[in-house]
Structure formats: C-alpha cells, structure tokens
Amino acid sequence: MTKPLADRIALVTGASRGIGYATAIALAKAGAHIVATARTQGGLEELDDEIRKEGGSATLVPLNLTDSDGIARLGAGLHERYGKLDILVGNAGVLGSSSPIGHIELKTFNDVMAVNVSANFQLIRCMEPLLKQSDAGRAVFITSGAANKATAYVSPYAASKAALETLARAWAQETANTKLRVNLFNPGPVRTRMRATLMPGEDPATLDTPEQVAEFIVPLCAPDWTETGKFYDYKTRTLMSFRAPA
C-alpha cells in the first residue's frame, strides 16, 4: 500500500523530544523522509533508531536555531540534495522563565524571542524557495493558547507565540495564490518536559501524549490539505479562522 507522504521531504525542528519527536515519527510512518533538527545529538540518534524501526529514513542535523547562518546552510544543503522541501514543521520553542514581567531579565526575553520568533523568520526566508518547488508545500508552526490569552507570568513566551502567529499568518497571505499552505497548530496542555517545568504539581497522566497530538499534525502536512492561514486547536479538534477583536 502506498503511504500518503511517500517521496516527500519533511523538515522538523525541535525533533529530539516531545511533540517534535512524535511528529517526526508520525510523518515517517506516513512515508516522508525526515530532516530532523535539534540541539541534542543523543535525542536525534534515538529518533533515528525509532524511525528505522518503522521502516523509515531520516537525516539528522544537530543545529541550534539561533544560528541563522546554520539555517541558511541547511537550506542550501536541502536545495543541493533534494531541490525541494515538501513539509516544514516549526516546532522548536523555549519557555523562558515563569515570573512577573518586572522580574524577567532582558537576556531571558531576548533568548525566547530568538528561538520562538527570529529562528522561524529565518526558516521562512530560507525554506520558502524550496517549499515553492514542491507540488504541495506545507508549513505548520506550533503555537500556544498563551498567545491570545496573554497568560500571566510567561509573558516572553506568550509574546513570542503571538508574534509567531502573526508572522505565519502574514506568510500565508503572501503565498495564498501559490501551492504553499501555511497553518498554525495549538496542541494545548500536553505531556511534555516544557509542561512539567511550567506546572510541576500537575499529574502528567491527565494530559494527552505527544504521540496523540502528532496524529493530528500529519493531516495538515498532506498534499490534499487545502486550507491556509488557519489555526487548528487540538483540544477542541477545531480548525479556526482568525478575526479582529470584538
């Protein structure tokens, strides 16, 4: 049986654990070749082992996404090797500190913005030409409900996700008349290390796993997905449109 993502190239950032790890495996099961980036070499090697167990294949790229030149080199490498990119999953993100705004150091704020916003901006710049070479380029960025709730005590994270959402929506509008589709995915509370850091007293058994979430990310990456500039809310299983504040 032909797999739905056979012969497609998928770049997944933050792929060494959590949602990125699970999404990379889910995409590989669907037939995609995975280009996996993360800072942790060991985590990437574990991912490669799991993908091979599923009969899939992966290219491992140890990369700190604050290395803008490294992202550019990755784009050049993908162009030379494949001449295209079919799927981009912008998953990598950092929480920063959980404190009142007045207690947060400027460096902490800048570090969060560098990973959650600037790195995705550079990914868009460097991967757009490759995604446009695909017959059905798909980009999915992982966001958070903190962006629209303006959640207290995680202001750098909330602000960064709000910026990411605006960046992705603007890109979706710019590419609306192309074959490229750009969307946002909000997983909500999930059993990840980031969630455990933010909510240490929470029982993780009450949360869905990254593997459960990943199954809903895969359809947004498929060639038959036609929506763009939308927001998929995992908790409610709803595809939403953005609108001005009422």
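Me: In which sense do strand β5 and strand β6 pair, and over how many bridges?
Reply: Keep in mind that this is a predicted model. The strands in question cover residues 138–142 (β5) and residues 181–186 (β6). They pair in the parallel sense, and the number of bridges is five.

Me: What is the strand order in the open sheet of eight strands?
Reply: The pairing in this sheet is mixed. On average, neighbouring strands are turned by 20° against each other, ignoring direction. Reading across the open sheet, the order is β3-β2-β1-β4-β5-β6-β7-β8.

Me: Which strands stand at the edges, each with a single partner strand?
Reply: Look at the two ends of the order β3-β2-β1-β4-β5-β6-β7-β8. A strand there has a single partner, so one of its sides is left without a neighbour in the sheet. The edge strands are β3 (58–62) and β8 (238–240).

Me: What angle does the direction of helix α2 make with that of β3?
Reply: Helix α2, residues 41–53, packs on the sheet. The strands it touches are β2 (33–38) and β3. Its direction and that of β3 make an angle of about 175°.

Me: Which strands does helix α8 lie across, and at what angle does it run to β6?
Reply: Helix α8 spans residues 210–217. It lies across β5, β6 and β7 (231–233), and its angle to β6 is about 155°.

Me: How do α1 and α8 sit relative to each other, oblique or roughly parallel?
Reply: Helix α1 (residues 18–29) packs on α8 with the axes 8 Å apart and an angle of about 55°. The crossing is right-handed. On the α1 side the contact includes Ala-22 and Ala-26, and on the α8 side Ala-214 and Ile-217. With that angle, α1 and α8 are therefore oblique.

Me: And α1 with α2, oblique or roughly parallel?
Reply: Here the axes are 10 Å apart and the angle is about 25°. α1 passes α2 in a right-handed crossing. Among the contact residues are Tyr-21 and Ile-25 of α1, along with Leu-47 and Ile-51 of α2. From the angle, α1 and α2 are therefore roughly parallel.

Me: Where does Thr-209 lie, and is it buried or exposed?
Reply: Thr-209 is in the loop between α7 (193–198) and α8. Leaving aside neighbours within four places in sequence, Thr-209 is in contact with Val-190 and Arg-191. Its relative accessibility is 18%, and the cut-off for buried is under 20%. So Thr-209 counts as buried.

Me: What separates the C-alpha atoms of Thr-209 and Gly-18?
Reply: Along the chain, Thr-209 and Gly-18 are 191 residues apart. Their C-alpha atoms are separated by 8.5 Å.

Me: How many disulfides does the count come to, and why?
Reply: A disulfide needs two cysteine sulfur atoms within 2.5 Å. The closest cysteine sulfur to that of Cys-126 belongs to Cys-221 and is 20 Å away, so a bond is ruled out by distance. Cys-221 is likewise in no disulfide. The count of disulfides is zero.

Me: Buried or exposed: what are Cys-126 and Cys-221?
Reply: Cys-126 has a relative accessible area of 18%, while Cys-221 has a relative accessibility of 0%. The cut-off is under 20%. So Cys-126 is buried, and Cys-221 also counts as buried.

Technical notes:
Residues are numbered from 1 along each chain as its sequence is written. This is a predicted model: local features need pLDDT of at least 70, side-chain atom pairs count only at pLDDT 80 or more; totals for chains, interfaces and linings use all residues. Side-chain values use heavy atoms; hydrogens and water are left out. Buried means under 20% relative accessible area, exposed over 50%, partly exposed in between (1.4 Å probe, protein chains only). Two strands pair if DSSP finds at least two bridges between them. Helices (H or I, at least four residues) and strands (E, at least two) are DSSP runs, numbered from the N terminus. Axes are lines fitted to C-alpha atoms, for helices over the stretch in contact, and angles run from 0 to 180 degrees between N-to-C directions. Contact means heavy atoms within 4.5 Å. Angles under 35 degrees count as roughly parallel, over 145 as roughly antiparallel, 65 to 115 as roughly perpendicular and the rest as oblique. A crossing is left-handed if the near helix is turned anticlockwise from the far one by less than a right angle, and right-handed if clockwise.
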